Amino acid sequence: MKDIFAFKLDLNSGGINIGNIPITTEQITHGIFKVLKILSIAVIMYLAIKIGSTIIHKFMDKQRKSDLKFTLDEKRSKTLEAVLKSVLRYSVYFFGIVGIIGQIFGDIGLTFAGIGGVAIGFGAQSLVKDIINGFFILFEDQYAVGDYITVDGKEGIVESIELRVTRLRDFNGDYHIIPNGLITKVTNHSRGNARVLVEVDIAYEEDVDKAIDVLSNVCSKFISENENMVEGPKVAGISALKDSGITIRIVGKAKPMTHWECEMNLRKEIKKALSLANIEIPYPKRVIMKERE
């Protein structure tokens, strides 16, 4: 067993012997060249992806700032940029891996790689489905980078659309990677104006007409001061009679992805106005009755 792992220098041939296996200088040189070629391919792959991604980013950034008529909007431009980078990455990986296999196994390796590619093609139906569905998503413009969507029970902002997957980031910070082939139903919350809905409770002891007048004044002022509102807000009326108070509903429409901010700012202004008008918002009360002795 010791002889198998013994290294001996053969001065006659200029090579070495590993156990009983002779390795000539030509084989050593050939092996070193193969390793260098493989390393070179890996470096070229890295540089191609790095440089190509930079070129794509600069081109799309320049296109976004262009004044030409066919200029894409920011969302579509970012979507196309992500797809082009994805195509670049997959292409470099494919040719790079084929080149490395060719260096390791020679022409036989390339033959096996071709046969393996055909076998993978038959077995990778889900991969083909992901890519085809990804093309349909882009072609039909179902959603773009930056859109807020719900798909397969997951919702969030689209961070990237690639040939095979769509990447979402929800509001908790969780990162969802969904294969495009599994996407059958999509709800896009970023297309069209979003509803603004605020409900205000007032105590039964308060004058309802006075409260509605105060809220209407707040809505009129809010329209002029908030450029994100495209319709309303306006007082719709009384929406509920609860145990502790009366609910007044305010509705309107805002630009996509701005309705949350509009609702929060509107609630703030409503609270200020109700306080100034001395209109009480219902809150839990406890009355303690003490018997006389």
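Q: Why is H4 called oblique to H5?
A: In this predicted model, the axes of H4 and H5 come within 10 Å and cross at roughly 135°, where axes are lines fitted to C-alpha atoms, for helices over the stretch in contact, and angles run from 0 to 180 degrees between N-to-C directions. Angles under 35 degrees count as roughly parallel, over 145 as roughly antiparallel, 65 to 115 as roughly perpendicular and the rest as oblique, and therefore H4 is oblique to H5. Helices here are DSSP runs (H or I, at least four residues), strands are DSSP runs of E with at least two, and both are numbered from the N terminus.

Q: Which residues meet in the contact of H4 with H5, and how do they divide into nonpolar, polar and charged?
A: With contact meaning heavy atoms within 4.5 Å, Val 214, Leu 215, Val 218 and Phe 222 in H4 meet residues of H5 that include Cys 262, Asn 265, Glu 269 and Leu 274. The residues of this contact divide into nine nonpolar, one polar and one charged, given that Ala, Val, Leu, Ile, Met, Phe, Trp, Tyr, Cys and Pro count as nonpolar, Asp, Glu, Lys and Arg as charged, and the others, Gly among them, as polar.

Q: What makes E9 and E10 the edge strands of the sheet?
A: The open sheet of three strands has the order E9-E11-E10, with antiparallel pairing; strand E9 (194-202) and strand E10 (229-241) each pair on one side only. Two strands pair if DSSP finds at least two bridges between them, and E10 and strand E11 (residues 246-254) are joined in the antiparallel sense over eight bridges. One of the residues involved is Val 235, whose bridge partner in E11 is Ile 250.

Q: Why does Ile 238 count as partly exposed?
A: Buried means under 20% relative accessible area, exposed over 50% and partly exposed in between (1.4 Å probe, protein chains only); Ile 238 has 46% relative accessibility and therefore counts as partly exposed. This residue lies in strand E10 and, not counting residues up to four places away in sequence, touches Val 208, Ile 246, Thr 247 and Ile 248.

Q: How are residues numbered, and which pLDDT limits apply?
A: Residues are numbered from 1 along each chain as its sequence is written, and side-chain values use heavy atoms, with hydrogens and water left out. Local features need pLDDT of at least 70 and side-chain atom pairs count only at pLDDT 80 or more, while totals for chains, interfaces and linings use all residues.
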